[in-house]
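Please keep the sequence and the coordinates at hand while reading.

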Amino acid sequence: MADEPLVLGIETSCDETGVGIVRGTTLLADAVASSVDEHARFGGVVPEVASRAHLEAMVPTIDRALKEAGVSARDLDGIAVTAGPGLAGALLVGVSAAKAYAYALGKPLYGVNHLASHICVDQLEHGALPEPTMALLVSGGHSSLLLSTDITSDVRPMGSTIDDAAGEAFDKIARVLDLGFPGGPVIDRYAREGDPDAIAFPRGLTGPRDPVYDFSFSGLKTAVARWIEARRAAGEEVPVRDVAASFQEAVVDVLTRKAVRACRDEGVDHLMIGGGVAANSRLRALAQERCEAAGIRLRVPRPKLCTDNGAMVASLGAEMVARGRAASDWDLSADSSLPVTDPHVPGTAHDHDHVHEVSKENLYS
Amino acid sequence: MLLLALDTATPAVTVALHDGTDVVASSSQVDARRHGELLLPAVDRVLAEAGTRLDAVTGIVVGIGPGPYTGLRVGLMTADTFGLALGVPVHGLCTLDGLAYASDLDVPFVVATDARRKEVYWARYADSRTRVTDPAVDRPAEIADAVAGLPAVGAGALLYPDTFPKAHEPEHVSAAALASLAVRKLAAGEELPPPRPLYLRRPDAQVPKNYKVVTPK
Ligand SMILES: [Zn+2]
């Protein structure tokens, strides 16, 4: 039982209201309500729109997850929630719900890190996470290279973007090409029919003096936009498929090259890729190719587990329970810039005892 | 009956427990930036003070604002989730009505809270139990005529003495008043509003006209 904890996880760091339920490393439910359509006309996530949507979707989504998992809330061993990083107001809705739910049910609460959750979710797909694991997290909000030796206590930042997230670059280029929002899936689709070598777009931060593991996509974004604008100014047709394929190639080339380099340098033979951009078919293919060549085992969860969801939070929460990590206090706050080096937010030792004394009182008899 | 009342629509994080006759325990802290941290410990304290547990609660009432959104949602989300976990009804109540009830006035008056951005959330009352206008959000100068000569309560009134020269306490809502009002309304067979937020403003968001051209002119 102790190593197969039943945990419900809540995720509201961006525009998805996610509630997942896991038993140890087994996925039981993954309910997600997305407000992405409400943001589409704004061309990006509007924090207040996301927060409002979380409040409305939370209770129905918890209900749906419990039904899907076929478990009773009383049997849960803990409630986990994304404490950060993310949009402050959006995070707070989830943290408020998780605290109230844990308190009312008399369960321990685990405020966990969104990025560590993106890594830990792979346990639901491929079993226990190898230690150490290199992780490449890429989405509209993050582009990070992380090394984890223990996902509950030791996650080290190797590198990250110095400007835009990879997903943001996809959104921007999709907008320049008039392809709508979000940009990731649609660029991927067009790119499949295009030539990735048609246009030589720049690879950011790949010079000999550049930081080895950091990323930059801002220059690429500008270069692609300028290329398109030059075509338009000359009255020529823009070869959308070739632009999409060449732009996408520039992004995934840098991402995979640096991830494999980090694995080699650190002597790590497992690479996991997570985050929304991990759904990109070319990223998956190129990572597979390069990992094989380097003797690295690649782990990429199915796309639905790569995008933001509650199951990833539950997965990390279950690991916290299994490894006996300290629960969070009832005054847990949402921390929009929670450092990646904090996989969870443990309560202070003194208050912690007090909290559990109190919460036991609230257990159903 | 044991009613748990919460309100986070003003700078006050306020919790009270009402047994149908009296308020048996309550807590109010004023800290506009820490609603999320303070609310759950306050609930825990109030229950402990009353010597009871959350699963003894038979109903919940929550202030639905209007109020600054981020704080407002803390109370609503907490109430919603308590309701789900406990299987008890969750009622809403306009936060301005709670403030009005606490004023104990039996003459026409105004309630105004701070809506930030130089605006107030406000409504007019015939007496402490009778609201006569829908809650609205406006700049104080724009409603000066509508509230002229009336006494006023709430932080929004105290903040703008030019518009509300007869402003006085209470400054913030108390869950104790909210609970007492809810008990009174429920006893009278009145239906309370659902626990959904009164935002009164649309989210700030601009539909981008076009992408920014990067080619230098
Ligand atoms: Zn994410």
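## Burial and contacts in chain B

In this predicted model, chain B has 217 residues, of which 54% count as buried. Among the contacts in chain B with a separation of 6 or more, 61% are accounted for by residues 24 or more positions apart.

The accessible surface of chain B amounts to about 9,300 Å², and carbon and sulfur atoms make up 49% of that surface.

## Fold content and dimensions

The secondary structure of chain B consists of six helices and eleven strands, and its C-alpha trace spans about 70 × 50 × 30 Å along the principal axes. The radius of gyration of chain B is 19 Å, which agrees with the value near 17 Å that a compact globule of 217 residues would have.

Chain B carries 21 positive and 25 negative charges.

## A glycine in a loop of chain A

In chain A, A:Gly141 lies in the loop that runs between strand E6 (133–138) and strand E7 (143–150). Is this residue, A:Gly141, buried or exposed? With a relative accessible area of 60%, A:Gly141 is exposed, because the cut-off for that class is over 50%.

A:Gly141 and A:Asp164 are 23 residues apart along the chain, and their C-alpha atoms are separated by 8.4 Å.

How values were computed
Residues numbered from 1 in each chain as written. Chains lettered and ligands numbered in written order. Predicted model: local features only at pLDDT ≥ 70, side-chain atom pairs only at ≥ 80, totals over all residues. Heavy atoms only, no water. Helix = DSSP H or I, 4+ residues; strand = E, 2+ residues; numbered from the N terminus. Rg over C-alpha atoms; globule rule 2.2 N^0.38 Å. Buried < 20%, exposed > 50% of the residue type's maximum accessible area, 1.4 Å probe, protein only. Contact = heavy atoms within 4.5 Å. Areas by Shrake-Rupley, 256 points an atom, 1.4 Å probe, with all protein chains shown as cover. Lys, Arg positive; Asp, Glu negative; His and termini not counted. Charge placed at Lys NZ, Arg CZ, Asp CG, Glu CD.
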